[in-house]
Amino acid sequence: MAAVDEILSRARRTPVGEAAAQGAARFVKAAERENLVDVVFARVGSPFGELLVAATPKGVVQLSLYGYDQSETLEGLARKVSPRIFESPRRLDPVRKQLDEYFAGKRRTFDVDLDWQLSHGFALRVLEATARIPYGKVSSYREMAEKAGNVRATRAAGNALGGNAIPVIVPCHRVLRSGGGLGGYGGGLAMKEALLKMEGALL
Amino acid sequence: MPRARSTDVRPPPFQAFLDGHREEVYRFLTGFVAPHDVDDAFQETFLSALRAYPGLRNGTNLKSWVLTIAYRKAMDSHRGRARRPVPVDDLPERPSRRSHAEDHALWDLVRALPDKQRAAIVQRYANGLPYKEIAGILECSEEAARQNVREGLKKLKGMMT
C-alpha cells in the first residue's frame, strides 16, 4: 500500500480542468440570474483580424479592433465600467451576427443599442454626429466639429474620433481630412480604405 | 497624500479571476466536502466573491482571498450536511479517481478529520500551498498550520493501518 502522503499528493496531479470549467459555466448562469453581470464580452472574427466587442445591459459599450491589446481593453472596462465582466458569446450573438453581415457587404446599418458611457462632452457630440453619417458617404473632421457645436475645434474632433470606443458601429472610418486625405484610423489606414471601398465611398 | 503602494493593484476583470482560480477552488472543495456538495459550494464561493468584487481595492492576493471564501462556504455546507441524511444512490462519480480505490478510501477518511486539519491537508496536498498561505486562509499562525497537517497525517496513518 502506498504511503499516506504519497496518495494525498496524487490529488495535486489529478486533472480537474473540465469539472471546474463546467462548474464555472453553471456559476455564470447563476450570476446572470442574480443580475451580477455588468459587462459581457466576446471575440469576433473579421477580415481585419479578431475584434473584441463588449456590452452592458444598456448596449454595446466598446469594440476593440485587431492590434489592440485585449487584456488591456478588458482591464480598462473593469476600471471604467465595472470589474464584473464575463465572456459571453451567446449574449452578444446579435451584434456578432450583424458585424459578420456588415463585413460580408450584406448589411448597411447596425440595429444595436449603444452605451455611450465611455465618451463625454464635445467628444460625445462628435461621435453622435459620426453615428449619423450614412453608409457609402464620407464627412470631414471639420464638419464633425461643426455638428458638435464648435467649427474651429477640428483638432479636438480628430481626437474625439481617435478615441472612438465603438469603431465600425460608430463609423469613424467615414470621416476624412477636409482636403480629402484619409486622416488616421486605429485599425490602420488599410482597414479604413478597405471599409470605404466596400461601402462604395472610395473607388 | 499617501503614495500609491505596490499593493494597490486593481483586481482584474472577473472572468480572468474566475479562469485563474476556479481549479484551485474546485480542488479544495473536492477534498474538503462530500462529492455531492462540491458543486453548490463552488457556486456559493464564486457568487460571494462576485458580490464583494467591486468593493475590492487590493488585487494582489486573490488566490488566498477566494480560498478563504471557499473555506467558509465549505464549512457551512459541511455542517449543513452533517445534520441531513445523505442519499447514497445519487453520489456523482469522480472519474479522475475511479482507478484508485485506495485514493478514494483515504479521501473519505480526510473528510472525517476536524475542520482545520482537513483544510490544511487539502490545501497542502491537493493545492500544493505553502504553509504561509495556508495560515492566512485558516487565520492561524504558520506553525499552527504545520501542526494541523502533522496531526491530520498522524490520524490518517492510524486509520489506514
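Let me start with one pair: E34(A) and R51(B) join their side chains in a salt bridge, 2.6 Å from N to O. A salt bridge here is a side-chain nitrogen of Lys or Arg within 4 Å of a carboxyl oxygen of Asp or Glu. The rule finds four salt bridges across the interface of chain A and chain B.

A word on the model. It is a predicted one, where local features need pLDDT of at least 70 and side-chain atom pairs count only at pLDDT 80 or more, while totals for chains, interfaces and linings use all residues. Residues are numbered from 1 along each chain as its sequence is written, chains are lettered from A and ligands numbered from 1 in the order in which they are written, and side-chain values use heavy atoms, with hydrogens and water left out.

Back to the interface. The rule also finds 15 residue pairs in polar contact across it, both residues at pLDDT 80 or more. A polar contact is a pair of N or O atoms within 3.5 Å; within protein, one must be able to donate a hydrogen and the other to accept it, and residues adjacent in sequence count only if both atoms are side-chain atoms.

Which parts of chain A touch chain B? At least two residues each come from α1 (4–13), α2 (17–33), α3 (70–80) and β4 (85–87). These are DSSP runs numbered from the N terminus: helices are H or I with at least four residues, strands E with at least two. The most comes from α2(A), with eleven residues.

In contact, meaning heavy atoms within 4.5 Å, are 37 residues from chain A and 35 residues from chain B. The buried area is about 3,300 Å², and carbon and sulfur atoms give 68% of it. That is the accessible area (1.4 Å probe) that two parts lose on being put together, summed over both.

Next, two helix pairs. The axes of α1(A) and α5(B), residues 115–126, come within 7 Å and cross at roughly 65°. Axes are lines fitted to C-alpha atoms, for helices over the stretch in contact, and angles run from 0 to 180 degrees between N-to-C directions. The two helices are therefore roughly perpendicular, a term for 65 to 115 degrees. On α1(A), the contact uses D5(A), L8(A), S9(A), A11(A) and R12(A); on α5(B), I121(B), Y125(B) and A126(B).

Within chain B, the axes of α5(B) and α7(B), residues 142–160, come within 8 Å and cross at roughly 95°. That makes this pair roughly perpendicular. Among the residues that meet there are I121(B) and Y125(B) of α5(B).

Methods. Angles under 35 degrees count as roughly parallel, over 145 as roughly antiparallel, 65 to 115 as roughly perpendicular and the rest as oblique.
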